[in-house]
Every structure is written in C-alpha cells, then in structure tokens.
Amino acid sequence: MARILVVEDDPEMAELLTRGLREEGYEVAEARDGTTGLMEAVEGGFAAAAVDVMLPGLDGFEFCRQLRMRGSRLPVLLLTARDAVEDRVHGLDSGADDYLVKPFAFAELSARIRALVRRDAQEPKVRVVVGELELDAATLRARIGGEPVALSAREFALARLFATHPGAALDRSAILEEVWGTTRHIDPNVVDQYVRYLRRKLDPARVGFTIETVRGVGYRLEVPGA
C-alpha cells in the first residue's frame with residue numbers, strides 16, 4: 001500500500017484530502033505545518049506528498065527547496081489558491097513535480113497523485129553515466145571525471161533525461177512532461193533557458209558530449225563516435 005504525505009494546515013481541507021486518499025486505497029500521514037512536514041518527508045517511506053503552499057513554518061515553496069537540498073526525490077504536488085503564472089513557475093522551480101490550483105475536484109487531485117506515484121515507481125533508481133558525466137539519482141549528485149559539479153534539482157533531472165536517451169531527439173513537450181511533470185501553464189521556452197544553464201556547466205571538452213539543438217523539435221545529446 002502506497003503511503004501519501006498530506007501537509008495542510010486547514011483542518012477541513014486536511015480531513016477531505018486524507019479521507020479521499022484513504023478511500024482510494026492509500027495509507028495517509030498528516031502534518032499541519034511545513035517544518036513538521038519536511039521532517040516527515042525526509043524520514044522517507046512515502047510515495048508522494050500533497051503540500052499546501054501557504055503553511056506556517058516553512059511555506060510550500062521552501063518545503064520543496066529544502067527537501068531537494070537534502071537529496072530527496074519524493075514527488076510533490078503543490079496545492080494553492082494562487083494561480084498567477086509566476087507563482088506556478090516559482091513552485092516548479094523550487095522542486096515541486098506538479099501544481100494544482102484551489103478549488104479543485106478531488107478526482108483531479110487523485111489522478112495527479114496516481115501519475116506521480118506511477119512515474120516514481122517506474123523510474124529506475126540507478127547510477128547513469130554518459131561520457132565523463134556521472135549522475136547518482138539516489139543522492140542527486142553529479143560528477144565530471146570524478147569531480148563534483150553543482151547542478152540544481154531541475155538541471156540534474158534535465159541532464160539525467162538526456163543521459164538516459166543519448167542520440168534521441170527530445171521535443172520540448174516531452175521534456176516538460178518528464179522534468180517538470182506537466183505542460184500546463186508553463187512556457188515551453190523555460191526548457192531553452194534550462195538547457196542554456198546546463199550547457200554552461202557541462203563543458204563539452206570535459207564531459208565528452210554535446211547537447212545539440214534539433215531545429216523545430218527540441219534537443220539531442222550527441223556523443224562523438226557513438
């Protein structure tokens with residue numbers, strides 16, 4: 001039975017989410033503030049977390065940021081009444097996997113939780129090596145030729161996507177789905193921005209490959225001689 005963490009300070013909303021998720025067959029643990037929720041999440045054992053943005057202690061954005069800083073890959077669905085584009089982008093950039101605006105139908109929340117749990121279960125928990133780049137998915141650590149390189153959680157996920165699909169042309173929509181968890185309310189140009197970040201950190205002379213632009217499609221990782 002998959003365990004879901006619900007971090008919500010509103011008692012009525014917390015009860016609604018907990019009851020609904022239990023009826024869906026999940027085991028549910030609750031936290032009423034961001035600090036307690038983070039402690040629960042770091043201890044592990046959860047398949048996904050539904051986290052309100054406006055929380056006492058740590059807000060949902062800081063919850064996600066600190067969770068990723070601690071190396072956790074727990075899938076997080078942020079819940080918020082704030083529907084401005086910049087808020088959604090901020091949430092995703094903080095390390096959230098998906099973003100749901102209140103009020104919402106429980107059926108939609110349930111579907112998104114199922115998608116996060118399924119994706120996490122299917123994702124191989126392995127070390128990925130391409131060229132001189134080594135990516136450790138368990139710790140979110142990256143190395144080039146054995147030397148550590150600092151990548152944000154989003155940069156790491158993007159690098160890992162390319163590394164697990166060498167030679168394949170990946171379009172922006174596919175990249176958004178895999179790295180950001182959704183294409184909703186996100187400008188596809190954010191992919192170009194993060195590819196630029198990644199290229200700056202992954203010098204082709206050091207890593208032994210390049211991330212090429214595929215005009216009209218997206219990007220492809222090219223390993224010379226492959």
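Predicted model: local features only at pLDDT ≥ 70, side-chain atom pairs only at ≥ 80, totals over all residues.
I will begin with the cores. The largest nonpolar core holds 32 residues. Leu 135, Phe 162, Ile 175 and Trp 180 have the most contacts inside this core. Several elements give it two or more residues: the strands β6 (127–130), β7 (133–136), β8 (141–144) and β12 (218–222), and the helices α6 (153–163), α7 (172–180) and α8 (189–201). Of these, α6 contributes the most, with six residues.

Leaving aside residues up to four places away in sequence, Phe 162 touches Leu 170, Ile 175, Val 195, Leu 198, Ile 211, Tyr 219 and Leu 221. There is also a second, separate core, made of 21 residues. Leu 5, Leu 38, Ala 49 and Phe 61 are among them.

Phe 61 brings us to helix α3. This helix is mostly covered, with seven of its ten residues buried. The buried ones are Gly 60, Phe 61, Phe 63, Cys 64, Gln 66, Leu 67 and Arg 68. What caps the N-terminal end of α3? It is Asp 59, which has a side-chain oxygen 3.1 Å from the backbone nitrogen of Phe 61.

Now two single residues. Is Met 39 buried or exposed? Met 39 sits in helix α2, residues 34–43. Its relative accessible area is 53%, and exposed means over 50%, so Met 39 counts as exposed. From the C-alpha atom of Met 39 to that of Val 53 is 17 Å, and the two residues are 14 apart along the chain.

Thr 80 belongs to strand β4, residues 76–80. Its relative accessibility is 1%, and buried means under 20%, so Thr 80 counts as buried. Again setting aside residues up to four places away in sequence, Thr 80 touches Asp 52, Val 53, Tyr 99, Leu 100, Val 101 and Lys 102.

Lys 102 has a further point of interest. A cis peptide bond joins Lys 102 to Pro 103, with omega at about -5°. Pro 103 is in the loop between β5 (98–101) and α5 (106–122).

Last, the empty spaces. Rolling a probe the size of a water molecule over the atoms shows where space is left empty. How many cavities of 30 Å³ or more are there? The count is one. The largest cavity has a volume of about 50 Å³. Its lining consists of Arg 88, Leu 92, Asp 98, Tyr 99, Arg 112, Thr 182, Arg 184 and His 185. Helix α4 (85–93) and strand β5 are the elements that give two or more residues to this lining. By class, the cavity lining has four charged residues, two polar and two nonpolar.

As for open spaces, I will show the second largest pocket, which has a volume of about 370 Å³. It is lined by 18 residues, and those closest to its centre are Arg 68, Met 69, Leu 151, Ser 152 and Ala 153. Two or more lining residues come from each of α3 (60–69), α6 and α8. The lining of this pocket divides into seven nonpolar, six charged and five polar residues.

Definitions and conventions
Residues numbered from 1 in each chain as written. Heavy atoms only, no water. Core = buried A, V, L, I, M, F, W, Y, C linked by side-chain atoms within 4.5 Å. Buried < 20%, exposed > 50% of the residue type's maximum accessible area, 1.4 Å probe, protein only. Helix = DSSP H or I, 4+ residues; strand = E, 2+ residues; numbered from the N terminus. Contact = heavy atoms within 4.5 Å. 1 Å grid on protein atoms, 1.4 Å probe; cavity = no way out; pocket = protein on both sides within 12 Å on 5 of 7 lines; lining within 4 Å. Points joined across faces, edges and corners; volume = space filled by probe spheres on them. Nonpolar A, V, L, I, M, F, W, Y, C, P; charged D, E, K, R; others polar. Polar contact = N/O pair within 3.5 Å; in protein donor to acceptor, adjacent residues only side chain to side chain.
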